[in-house]
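Subject: A structure for you to look at

Hi there,

Here is the structure I promised to pass on. Have it open while you read, and I will walk you through what turned up.

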Amino acid sequence: MVLTKPAYYDAFACLAGDCPDSCCHQWDVQVDPAAAARYQALPGALGDRLRQFLYREDGAWYLALDGDRCPLWQADGLCQIQRQLGHEALCAVCRNFPRLRHDYGDFVELGLELSCPEAARLILTAPAAPPVQAQVPGGDVPEYDREAMLLLRKTRQTALALLRDHPLPQALGLLLLYAHHVQHLLDGAAWVPFQEEAAVAFGKTLAEPPDPAGLRRVCLGLEILTDRWRHLLEAPPDPGPWLPGHRAMARYGVERYWLQAVSDYDLAGRVKLILSGCVLVRDLGGDLLSTAQLWSKEIENCADNVEALLDAAYHHPALTDARLLGALLP
Ligand code: SF4
């Protein structure tokens, strides 16, 4: 089967003790059942410490924090499990983070999560380059809707080209309009070509003044992990300019989420999740890289927050197409 990964994927190396926002900070890690069983049977002081912090909730195992850090984290930024037992002894989340793997059966796509500072640096600053593809052993009969997947794979190329070939923020507005165009096709409409100029002209007739305070209120109503995020949302500095990093953030979102619409046919909601993230990160100003990484940590890494935003994309007044277009097609 074919494996696809971003050109920057292999450049990732964990910053360990030099990480400005370690993944061992502020998250209760979900521990896979096999690792939980190993940890429970582990003798000695390390086993005792693991058992002290392992807990079960709704059928899943977690490792509780000690203060605001993972109890296995050490002052040099390294993990006691990794140091004493090696990388393979880590639970699946810690072993893989920030690597993403989307396995569709007959093809697989890899990526990195924006919520890791070093991955964010690569995602937002690496030069745009075609993904790397390789033939790898394995694969299975796919269970997805083949017609929908064919459409999504083809249109994702067009979406990436729109992002690449238009100035900001218009490229992001066009992406929203194109997502709706593809959504109609996914919903069964007859194929018609996407006319970029006509779409922009139409988008401008729909646009209403953006509502940045409303967008921040939506996020303040979600689960919040860090005080820094709450402070940013409550008292943001002045908005920053549109930068190449916002385009890279949108590209990351398209590469990560576009094909996932095959699972529930909701493409427009996913694109609005991505674009509202770009708009919010720009509105929050400051350093783009650290704000985008924080957005990802707070929003993308919380399944409840993603679900709430996908839902809000269809009914919240701050997230209407008109408001987003107002921010993107001035
Ligand atoms: S957040 Fe990324 S760079 Fe930092 S410790 Fe975790 S994996 Fe390493």
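Let's begin with a word you will need: two strands count as paired if DSSP finds at least two bridges between them. By that rule, β3 and β4 are paired, with four bridges between them in the antiparallel sense. Please keep in mind that this is a predicted model.

Where does the chain turn between these two strands? β3 and β4 make a hairpin, and two residues lie between them. One to look for is Asp58 in the turn, with a positive phi of about 50 degrees.

Put together, the three strands give an open sheet in the order β2-β4-β3. β2 (29–31) and β3 (54–57) each have a single partner strand and stand at the edges, so one side of each has no neighbour in the sheet. From one strand to the next, the twist averages 40 degrees.

Finally, have a look at the ligand. Which residues surround it? They are Cys14, Leu15, Ala16, Cys19, Ser22, Cys23, Phe97, Pro98, Cys116, Pro117 and Glu118. Sorted by type, this shell around the ligand holds nine nonpolar residues, one polar and one charged.

Enjoy exploring, and send me your questions!

Best wishes

Conventions. Residues are numbered from 1 along each chain as its sequence is written. This is a predicted model: local features need pLDDT of at least 70, side-chain atom pairs count only at pLDDT 80 or more; totals for chains, interfaces and linings use all residues. Axes are lines fitted to C-alpha atoms, for helices over the stretch in contact, and angles run from 0 to 180 degrees between N-to-C directions. A residue is near a molecule or strand if its C-beta atom, placed from the backbone, lies within 6 Å of it. Ala, Val, Leu, Ile, Met, Phe, Trp, Tyr, Cys and Pro count as nonpolar, Asp, Glu, Lys and Arg as charged, and the others, Gly among them, as polar.
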